[in-house]
Structures are given as C-alpha cells and as structure tokens.
Amino acid sequence: MDITFKNVSYTYQAGSPFSHQALNDVSFHIPTGSFVAIIGHTGSGKSTLIQHLNGLTIPTEGIVEVGPFTLSKDKKQKDIKSLRSKVGAVFQYPEHQLFEETVAKDIAFGPTNFGVSETEINRRIKEIVPKVGLDAELLERSPFELSGGQMRRVAIAGVLATKPEVFVLDEPTAGLDPRGQKEIMNMFSDIHHSEKVTTILVTHNMEDALKYADHVIIMNKGKVYMEGKPEEVLLKTDELRQVNLDVPESILFLKNYLKKFALQEELSVKSITELADFIKETYKGDYL
C-alpha cells in the first residue's frame with residue numbers, strides 16, 4: 001500500500017494552554033513494498049507520525065493517504081476497522097500486550113477480531129509460526145511460560161496473523177541483547193521480502209537503518225529534516241550531528257578511508273561486509 005502525507009500537522013490539546021505541535025507541515029510519499037526507516041531523537045515527532053497510519057491519530061491539518069483510505073479532520077472516518085486490519089503495528093515491548101491463556105489463542109486474537117474464519121486463522125497460524133522462529137509445540141502453552149524473546153515472537157506472530165499490507169515497527173528490538181536484536185531484525189527483513197509488505201521502522205539504531213532500509217526519513221522538531229537513500233543521507237555526518245544523531249561506525253570509517261586515499265564517495269556500502277568488500281576492491285586497483 002502506498003502511503004502519502006500531504007502537509008500534515010498535528011497539535012496535542014489544540015486550543016488549550018497545554019497545546020503542543022508535534023507535527024508541522026509534514027509531506028512525503030512511501031511507495032508500496034518499500035522498507036522505510038524513520039529516525040529522530042525523542043520529541044522529533046516520529047511516534048506521532050506513525051500513529052496516523054492506522055487512524056489512532058487524525059491530522060489537525062493536512063491529509064494522510066494509506067492505500068485507498070484517506071484521513072483528515074474534514075472527512076468522517078467510516079472504515080477505521082478495515083484500515084487497522086491492513087496496518088499491523090509492533091510497538092516497543094509488544095510482549096506486554098499478551099493476555100490469552102495459550103499462544104495459539106493470543107496469535108488468533110487479532111484476526112478473530114477482524115472477522116476471519118477459524119479455518120483460515122488455523123491455516124495462518126501454521127504458516128506464520130515457523131516464520132517467526134517458534135516451535136509448533138509451544139502453541140498450547142501459556143505465553144507467560146515462555147522466555148522474553150519467545151513472548152516477543154508470539155506478539156509479532158499475532159500482528160502477522162492479520163495479514164497486514166503495512167508493517168509498522170516502533171523500536172521493535174528495545175530491551176534485547178545484541179544477538180536478539182540481530183535475530184529480530186533479520187526476521188523482519190525476511191518477512192518484508194517474502195510477504196512484500198510496506199515496512200516502516202522507527203528506530204534510533206542508525207546501523208539498522210543503513211542495513212535494512214531502502215529509504216530514510218529524518219525527523220526533527222516535528223518536520224522532515226532530511227530524506228533519501230540511507231547510504232546517501234547517512235553520509236551527511238555534519239547535518240546529522242546538528243540534530244544530535246549518531247553516525248554509523250561503518251559510515252565514519254568509510255568517510256575517513258575515502259578522505260585518506262582521496263577516493264570518490266561510494267554510495268552503495270550498507271554493511272560491514274560490503275565495506276570490507278569495497279576496501280578489498282580498492283586494493284585490487286579498481287579505485288586507486
């Protein structure tokens with residue numbers, strides 16, 4: 001599903017002494033099937049932005065288009081439930097949302113709420129459980145008997161069971177150790193490519209944005225500060241530091257390496273492995 005923000009502004013408690021403008025004239029377009037990272041420090045507006053995607057928040061000004069759905073203050077929202085069945089959101093610590101007595105019932109809750117038949121739900125569970133790295137024998141166990149990492153995978157499976165066309169990930173690796181973070185992000189990447197869903201990742205992790213996303217939107221003070229391909233945007237180290245964002249170590253190394261050997265900037269490096277391959281090629285003489 002395509003996503004378009006047209007001059008979107010949002011003000012909390014508008015008209016009161018406590019009003020706060022979280023978004024200010026935000027415009028961008030996300031094509032179907034994209035993997036987009038939204039980055040910004042606390043208070044930049046990124047969380048408010050993603051709340052517009054499934055109608056949790058309606059723009060104070062402007063229009064949000066999510067596929068065939070249009071959200072604006074002047075249009076009565078008739079199909080919010082249908083929209084929410086198309087936009088699956090994984091928030092920080094999604095395991096805190098578990099409540100059913102078995103893993104199977106927890107995964108089934110979302111699609112049941114959206115009117116999916118029991119037969120179809122059972123088919124989806126069988127399909128999804130291995131994709132999120134869970135064993136089928138866990139389905140009849142209580143989710144509260146599982147490890148933290150397994151509980152998170154159950155919560156993610158519940159979102160996937162609704163068959164969303166847009167997958168929103170709000171700091172999905174929060175609280176995990178480095179190995180767990182890598183496993184979860186690789187899982188999301190695999191799901192993105194196999195299901196061909198539009199994926200939106202809200203993150204502070206610049207390395208994840210560089211490695212997984214094909215487009216980056218940098219938010220600052222409620223506005224779009226920069227956007228573009230991650231390997232291009234994240235090379236703008238001075239601009240990123242002006243809004244208190246860290247630059248990926250691989251990018252810093254690459255810039256210093258290019259400067260040291262007076263090489264032209266290479267804009268296709270997205271991981272440590274690719275960086276190593278690039279350096280290897282330079283020693284072969286392809287760049288020097």
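# A walk through the predicted model

Start by selecting Arg179, which is exposed, its relative accessible area being 65%. Throughout, buried means under 20% relative accessible area, exposed means over 50%, and partly exposed lies in between (1.4 Å probe, protein chains only). This is a predicted model, in which local features need pLDDT of at least 70 and side-chain atom pairs count only at pLDDT 80 or more, while totals for chains, interfaces and linings use all residues. Residues are numbered from 1 along each chain as its sequence is written, and side-chain values use heavy atoms, with hydrogens and water left out.

**Salt bridges**

Glu183 makes a salt bridge with Arg179, with 3.2 Å between the closest N and O atoms; the term requires a side-chain nitrogen of Lys or Arg within 4 Å of a carboxyl oxygen of Asp or Glu. Both residues sit in helix H6, four residues apart, or about one turn of the helix. Helices (H or I, at least four residues) and strands (E, at least two) are DSSP runs, numbered from the N terminus. Glu183 itself is partly exposed at 35%.

Now show Arg153, whose side chain also meets that of Glu183 in a salt bridge (3.4 Å, N to O). This pair joins distant parts of the chain, 30 residues apart: Glu183 in H6 and Arg153 in helix H5 (residues 148-160). Arg153 has 14% relative accessibility and so counts as buried.

Move to helix H4 (residues 118-131), where Glu120 and Arg123 lie three residues apart. Their side chains form a salt bridge (2.7 Å, N to O). Both are partly exposed, Glu120 at 23% and Arg123 at 39%. The whole structure has 14 salt bridges.

**Aromatic pairs**

Rings of Phe, Tyr and Trp (its six-membered ring) pair if their centres lie within 6.5 Å; planes under 30 degrees apart are stacked, over 60 edge-to-face, and the rest tilted. The count is four aromatic pairs. Select Phe5 and Phe28: they are stacked, 4.6 Å centre to centre with 20 degrees between the planes. Phe5 belongs to strand S1 (residues 3-12) and Phe28 to strand S2 (residues 20-30), 23 residues apart. Both are buried.

Phe167 is in strand S7 (residues 166-170) and Phe188 in helix H6 (residues 178-195). Phe167 is buried at 1%, and Phe188 is buried at 0%.

**Strand S3**

Select residues 35-39. Five of the five residues of S3 are buried: Phe35, Ala37 and Ile39 on one side, Val36 and Ile38 on the other. Which strands pair with S3 in the parallel sense? One is S8 (residues 198-203), over five bridges, and another is S9 (residues 215-220), over four bridges; pairing requires that DSSP finds at least two bridges. Look for Ala37 opposite Leu201 in S8, and Ile39 opposite Ile218 in S9.

**Helix H10**

Finish at residues 249-260. In H10, Ser250, Ile251, Leu254, Tyr257 and Leu258 are buried. Seen down the axis of H10, these buried residues fall within an arc of 130 degrees, so they line one face of the helix; the arc is taken from the directions from the helix axis to the C-beta atoms. The face of H10 turned away carries the exposed residues Glu249, Asn256, Lys259 and Lys260.
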